[in-house]
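This report covers model confidence, metal sites and helix packing. The sequence and structure come first.

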Amino acid sequence: MMTTEPSGLSPRNTTRGRPRTTGTDVCARCGRNTGKARVSWPEGKVCGPCFTVATRTYGSCPGCNQHRLLPGPPSDRGGPRCAECAGIPHDFRCTRCRTETESYRRGTCARCALRDDLTVMLLAHPADPAAMGRLVDVLCQAERPESIITWKRSPKVQVLLASLSAGSTPLTHEGLDQHIETAGRAVDHLRAILVHHGLLPYRDPYLARFETWIEDKLHPLPPEIARPVEHFAKWHHLKRIRSTVTPDSPARGPVHSAKQEITETIKFLGWLWDTHQRTAATCVQQDVDEWRASGPTTRKLIRTFFVFARNTRLNVSVDVGHYTARTRPTLAQDQRLAWLRELLSGSSESLPYRVAGILLLLYAQPLVRVAALRTDAIAIDPATGQAAINFGGRPVPVPAPFAKLLLDHIKTRPNLRTGVSESPWLFPGTHAGHHLHPNTITHRLGSLGIQLTGARNRSLDDLVTQMPPPLVADALGYSYQVAFKHTDSAGENWARYASLKRQP
Ligand SMILES: [Zn+2]
Ligand SMILES: [Zn+2]
Ligand SMILES: [Zn+2]
């Protein structure tokens with residue numbers, strides 16, 4: 001049950017969200033009913049919360065101009081006053097250090113109580129008395145000693161502190177690292193205090209984790225991959241990040257991009273070894289070109305590795321600085337096939353964009369036309385289950401693995417609103433009644449790294465090598481002129497086509 005007090009009747013009683021006990025005492029400061037007043041001062045009874053505020057208020061007393069604790073109520077001349085000026089008959093000084101503050105334990109302040117506790121824990125039989133003395137000092141300098149008192153109650157912290165005192169854990173970053181598994185946040189807290197007070201040098205947390213990350217990455221790799229990657233990771237990235245990191249310029253961003261470059265380099269070198277049995281040293285330009293053109297754009301991140309390889313004379317034959325598009329961009333056939341494989345089986349994009357990309361790569365369809373395709377352009381033969389697609393001429397067959405993907409896509413098309421009759425578009429847009437904008441598809445496929453113009457030119461080249469241009473043009477809705485132009489650039493003799501068997 002929550003408070004039964006109706007809000008609005010007594011606004012002061014509703015300022016705090018928890019129910020209050022009603023008693024006979026009324027606090028002279030806040031006017032609340034309080035079960036039992038905390039103290040009785042000249043102004044009257046004072047409740048617990050008001051007492052706490054009073055014993056944590058410091059400033060210049062308007063009565064005596066001294067800077068000290070101001071537990072008294074405000075005077076005519078301004079703010080709250082000190083105990084003496086307010087006539088409060090209580091000495092707020094700690095019996096040990098004479099600081100005016102709340103009493104924490106039997107007349108001593110929290111700071112003195114903390115020092116007592118830490119002296120027992122750390123200075124009874126310390127392996128290094130001077131180091132432990134400094135540790136006690138910095139812990140006792142905490143702004144709120146109460147928070148350290150709470151922190152050190154944790155059994156994990158007690159194990160950590162005992163181990164530091166006994167000398168089995170050195171008071172270094174590496175020493176603290178040994179306890180991360182068992183007392184992660186407690187270790188972080190202690191480390192931050194020690195760094196703040198200069199007992200430990202600044203160490204960037206991202207950089208520290210990065211060093212472990214590198215070791216973990218290298219561990220499972222065969223030596224022919226691990227060795228160049230290790231040089232790259234340590235001599236290029238670690239060295240560079242170490243030299244630039246300060247508390248004001250943390251390593252987070254640089255570590256993130258370094259990890260990406262190292263990961264991509266490992267992927268590339270793994271592929272290079274598996275596919276061509278070549279290493280970073282024996283890698284040729286073609287390998288890099290093939291790899292970068294046949295996968296996601298993240299593959300471009302291997303560039304830094306080859307700059308490093310060139311600078312360290314590990315490999316001077318690969319030049320990653322010159323990737324200019326050819327005058328008429330085309331995708332190599334194996335790149336096109338790699339992309340088709342990726343889109344057919346991979347997960348680099350969601351189904352609609354994979355389908356759109358395949359239409360581009362298989363049928364050389366401009367994305368403007370792909371975006372505007374209607375579902376009735378796809379026909380399925382109920383007898384054979386074979387699918388065909390009509391781009392505006394005669395239907396062309398859909399090869400088996402893609403047919404399944406295409407049908408899955410038709411069934412699960414996004415942006416279909418319930419209650420509205422089924423969208424006629426193969427790629428329905430977010431606005432009801434519209435298809436997806438071609439630019440949206442261009443952007444999504446382009447960001448994967450597919451060179452769209454190149455992909456289309458390549459597809460068209462391949463189609464004309466397999467079907468007579470008029471047939472290609474007819475089936476795909478191209479003008480004869482365009483189809484013949486591609487025949488020329490494919491460098492094929494048209495007369496030979498007549499004898500070639502037609503392939504879908
Ligand atoms: Zn009060
Ligand atoms: Zn005063
Ligand atoms: Zn004290």
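What pLDDT does the protein chain average, and what percentage of the residues score at least 70? The chain averages a pLDDT of 81, and 81% of the residues score at least 70. pLDDT is the predictor's confidence in each residue, from 0 to 100.

## Basis and conventions

This is a predicted model, in which local features need pLDDT of at least 70 and side-chain atom pairs count only at pLDDT 80 or more, while totals for chains, interfaces and linings use all residues. Residues are numbered from 1 along each chain as its sequence is written, chains are lettered from A and ligands numbered from 1 in the order in which they are written, and side-chain values use heavy atoms, with hydrogens and water left out.

## Confidence by region

Among the elements of the chain, helix α3 (residues 110-122) has the highest mean pLDDT, 96. Helix α22 (residues 494-497) has the lowest, 34. Helices are DSSP runs of H or I with at least four residues; strands are E runs of at least two; both are numbered from the N terminus.

Residues 322-328 stay under 50, and the model gives them eight contacts beyond four places in sequence. Residues 490-504 are also below 50, with 22 contacts beyond near neighbours in sequence. Contact means heavy atoms within 4.5 Å.

## Zinc sites

Donors here are N, O and S atoms within 2.8 Å of the metal (3.2 Å for Na, K and Ca); water is not among the atoms, so sites may look incomplete. Four donors count as tetrahedral if all angles lie between 85 and 135 degrees.

The zinc ion (ligand 1) is held by the SG atoms of Cys-27, Cys-30, Cys-47 and Cys-50 at 2.2 to 2.4 Å. Its donor angles run from 104 to 117°, which makes the arrangement tetrahedral. The spacing is C-x2-C-x16-C-x2-C. Cys-27 sits in the loop between β1 (25-26) and β2 (33-34), and Cys-47, 20 residues apart from it, in the loop between β4 (44-46) and α1 (48-54).

Cys-61, in the loop between β5 (58-60) and β6 (67-69), is linked with Cys-85 in helix α2 (residues 83-86), 24 residues apart.

## Helix packing

Axes are lines fitted to C-alpha atoms, for helices over the stretch in contact, and angles run from 0 to 180 degrees between N-to-C directions. α3 and helix α5 (residues 145-152) pack at about 35°, with axes 8 Å apart. In α3, Ala-110, Arg-111, Leu-114, Asp-117, Leu-118 and Met-121 meet Pro-145, Glu-146, Ile-148, Ile-149 and Lys-152 in α5.

The axes of helix α6 (residues 155-166) and helix α8 (residues 180-196) come within 9 Å and cross at roughly 65°. Lys-156, Val-157, Leu-160 and Leu-164 of α6 make the contact with Thr-182, Ala-183, Ala-186, Val-187 and Leu-190 of α8.

Conventions. Tetrahedral: all angles 85-135°; square planar, octahedral: opposite > 155°, others 65-115°.
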